[in-house]
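Student: Can you walk me through this one? I would like the layout before the details.

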Amino acid sequence: MGPGEMFVPFFAVFFLFVVIIIVVVAARALSSKGKVQRPLSEETAFPPPPPPDTVLVKCDYCRTEQKWSEKCSRCGAPLPKPRIP
Ligand SMILES: [Zn+2]
């Protein structure tokens, strides 16, 4: 084995090492970009839902609009779950 033959595998390993570093840095830059944008879009798209007892629901049977509870305050029928916009 001469010195020229030793140089080729060394260069190949070095080149591979550089490529891996570039890929890792690029992947980290992309993922950090996504992390910065995600919380902002979540805040604007999904505001905190109001507590269920402040949402008005309409009874399916007697059409009474009331604050949501397990049963209708007028006819005692089970009320539909409040729809949070
Ligand atoms: Zn009712």
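Student: What should I know about the model and the numbering?

Tutor: This is a predicted model, where local features need pLDDT of at least 70, side-chain atom pairs count only at pLDDT 80 or more, and totals for chains, interfaces and linings use all residues. Residues are numbered from 1 along each chain as its sequence is written, and side-chain values use heavy atoms, with hydrogens and water left out.

Student: Which pattern does the protein chain follow along the sequence?

Tutor: The pattern is α-β-β, with 1 helix and 2 strands in the protein chain. Helices (H or I, at least four residues) and strands (E, at least two) are DSSP runs, numbered from the N terminus.

Student: How much of the protein chain is buried?

Tutor: Of its 85 residues, 12% count as buried. Buried means under 20% relative accessible area, exposed over 50%, and partly exposed in between (1.4 Å probe, protein chains only).

Student: What about the accessible surface of the protein chain?

Tutor: The total is about 7,700 Å², and 69% of that belongs to carbon and sulfur atoms. Areas come from the Shrake-Rupley method with a 1.4 Å probe; for residues, only the protein chains shown count as cover.

Student: Which residues make the nonpolar surface patch?

Tutor: F7, F10, F11, F14, F15, V18, V19, I22 and V23 make a patch of about 930 Å². Like charges are joined within 9 Å, and nonpolar side chains (Val, Leu, Ile, Met, Phe, Trp, Tyr) within 5 Å.

Student: Where is V19?

Tutor: V19 is in helix α1, residues 3–45. V19 counts as partly exposed because its relative accessibility is 36%.

Student: Now the metal. What are the protein donors of the zinc ion?

Tutor: The SG atoms of C59, C62, C72 and C75, lying 2.3 Å from the zinc ion. Donors are N, O and S atoms within 2.8 Å of the metal (3.2 Å for Na, K and Ca); water is not among the atoms, so sites may look incomplete.

Student: Why is the arrangement called tetrahedral?

Tutor: Because the 4 donor atoms subtend angles of 106 to 114° around the zinc ion. Four donors count as tetrahedral if all angles lie between 85 and 135 degrees.

Student: How are the donor residues spaced in sequence?

Tutor: The spacing is C-x2-C-x9-C-x2-C. The pair C59 and C75, 16 residues apart, links distant parts of the chain: C59 is in the loop between β1 (56–58) and β2 (65–67), and C75 is in the segment after β2.

Student: Is C59 buried or exposed? And C75, please.

Tutor: C59 counts as buried, at 0% relative accessibility, while C75 is partly exposed at 41%.

Student: What does C59 touch?

Tutor: T64, Q66, C72, C75, A77 and L79, not counting residues up to four places away in sequence. Contact means heavy atoms within 4.5 Å. C59 and L79 are 20 residues apart in sequence, with 5.6 Å between their C-alpha atoms.

Student: What is the phi of R63?

Tutor: Near 60°, a positive value in a residue other than glycine. R63 lies in the loop between β1 and β2 and is exposed, with a relative accessible area of 53%.

Student: And T64, is that buried or exposed?

Tutor: T64 is buried, at 16%, and is in the loop between β1 and β2. Leaving aside neighbours within four places in sequence, T64 is in contact with V57, K58, C59 and R74.

Student: Last one: where is K81?

Tutor: K81 is in the segment after β2 and counts as exposed at 68% relative accessibility. Beyond neighbours within four places in sequence, K81 is in contact with V57 and W68.

Methods:
Four donors count as tetrahedral if all angles lie between 85 and 135 degrees; four count as square planar and six as octahedral if opposite donors are over 155 degrees apart and all others between 65 and 115; anything else is irregular. Patches are made of residues with over 30% relative accessible area and no salt bridge: like charges are joined within 9 Å, nonpolar side chains (Val, Leu, Ile, Met, Phe, Trp, Tyr) within 5 Å. A salt bridge is a side-chain nitrogen of Lys or Arg within 4 Å of a carboxyl oxygen of Asp or Glu.
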